[in-house]
Structure formats: C-alpha cells, structure tokens
Amino acid sequence: MTKKRVVVVGASTGLGRCLGIGLAQRGADVALLARTEAKLVEAAKEAGPGTLAIRCDVTDEASVRAAIDEAASGLGGIDTVLFAAAIGELRRIEDLDAETWHRVFATNVVGASLATAAALPHLQASGGMIAYLSSLAASLTSPWPGLAAYTVTKAGLDKLIDAWRAEHPEVGFTRLIVGECGGGEGDAMSHFAMEWDPDLAAELFPVWEARGLITDKLMDVADLLDAVEGLLACGPTAAVPTLAVIPRRTI
C-alpha cells in the first residue's frame, strides 16, 4: 500500500470509516471525506499522521468538486477512490414518497456520479481506479421487503458504473459487492439502520430471515480490507469489473 493515494468518500462511519482507517494503517496515503467533520477528524487521528479529513456533501456538486480537489492537492494526486456513501430508508414501497426517492437517489446514485466526475481528471493522470460499495440485494439476491429505495438505487449504481466504464475505459471501475460484515464499535459500526422504524424492522426481520436474505454469519472487516488491498494493488493495465466479498455461506 506504500505510496497509494486513496480517497474514501463516506468515511465518517461504518465500512467507509473502517476501510479508510485500515488502508491508512496499512501504509496508504488517505483522504477521508464525509459530511460530519467532527467524526472525520476523529477517524483521521485513529488512522495516523498525514491522514486528511475533508468535509464533503455528495449531494452538493460544488462541495464534491472542492473536496476532491483538496484531497488531490493534499495527497499529491489520486490513485484510487472508494465510494462508500449510502443511505437506506426502511419503508414499505407504497409508503415511499417523492421526497424520499429523490433523497436516496441523490446520495446513492447522483452523488456517486458527481464524485466520479470530480475525480476523473486525477484518475486519468494516474491511470487509477474507483470502486463503489454495492449491495447483495442489487446484484446477487432478490429485493429485501422494506428496502425498495435502497435496492433500486443500488441497482442504478451498478448501471452507472457500467456507463462510466463504457465512456472512460482508461480508468478502472469496480463494483465492490460487500456482504454482512462486522465493522466494530461506535462510529465504526454501520449507521445504516439508525433511523429505521423499530416496529417495522421487527416485523420485517423474520421475513428477511425466512427468505434467506440475512443470517447470523458475519465476515471480519480485516478480510474485507485484505480484498480491497488486493484490488488496489492492481496496476493500470488490469481491470476488475466486479469484486464480491461475502461471508462463507450459500446465497
């Protein structure tokens, strides 16, 4: 990882935070980007000296461009971007209003494209790559009841990745499918479900279990880091269109 210049978007909590800190501790030069600056500063301290903490709202084009340019300036260029920002509403599909659909698309799809456009010249200069955290529900399993907005936007993200690859084959674009992963405690834990309706979650959890969408098996975040480190080690002549890292179980 020595001399790899990595930007992690969505790095204040959850897997984005774990990946950013882990890659920095393994020797990469890392810029952590997210909306919550205080959490980023704490993550940068944990990651080690030289790690950058840069506020970035992926739904705001000017914020994204400024943050990516600041990261490129601070790192001396960009070799890899990891896009981990995502939100997921837990609602029955008939209860999803227009505002909710727009908000989820703004982060999960539009935000991903804005970050890609901002990083593109830096990745072209380095022969670099960008990887997007995708979902089992979008690629490998049937949709999860109650998570329609998340599933549909992650499926849209998958096609967005293909569209960027079609127009810019000189850059690497990877769909990184991640299964259930134990991230850690505090901000390292996923905040994905923090605002869910607990009653609806309790009602739907047995449905997810019965359909085999969720089990009690988790992979360690260190195993995910190993896979991502291997992905980042690929040179400019190699392409990894899809990388799936999941617990050892049958889907």
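Predicted model: local features only at pLDDT ≥ 70, side-chain atom pairs only at ≥ 80, totals over all residues.
Alanine 34 stands opposite arginine 55, a residue of strand β3. Strand β2 covers residues 29-34. It pairs with β3 in the parallel sense, over 4 bridges.

Now widen the view. The open sheet has 7 strands, in the order β3-β2-β1-β4-β5-β6-β9. Their pairing is parallel. Look at the two edges: β3 (52-55) and β9 (242-245) each have a single partner strand, so one side of each has no neighbour in the sheet. On average, neighbouring strands are turned by 20 degrees against each other, direction ignored.

Next come the helices. Helix α3 lies across β1 (5-9), β2 and β3. Its direction runs at about 165 degrees to β3. Helix α6 (residues 148-167) also packs on the sheet. It touches β5 (129-134) and β6 (172-178), and makes about 160 degrees with the direction of β6.

Step inside α3, which spans residues 61-75, and find valine 64. Is valine 64 buried or exposed? Its relative accessible area is 1%. Buried means under 20%, so valine 64 is buried. Leaving out residues up to four places away in sequence, it touches Cys56, Asp57, Val58, Leu114, Ala115 and Ala118. Lysine 217 lies 153 residues from valine 64 along the chain, and their C-alpha atoms are separated by 36 Å.

Finally, move to the loop between α3 and β4 (80-83), where aspartate 79 is found. Aspartate 79 has 13% relative accessibility, so it too counts as buried. Its contacts, again without residues up to four places away in sequence, include Lys3, Lys4, Arg5 and Leu123. Ser126, Gly128 and Met129 also touch aspartate 79.

Conventions: Residues numbered from 1 in each chain as written. Heavy atoms only, no water. Buried < 20%, exposed > 50% of the residue type's maximum accessible area, 1.4 Å probe, protein only. Contact = heavy atoms within 4.5 Å. Pairing = 2+ DSSP bridges. Axes fitted to C-alpha atoms, helices over the stretch in contact; angles between N-to-C directions.
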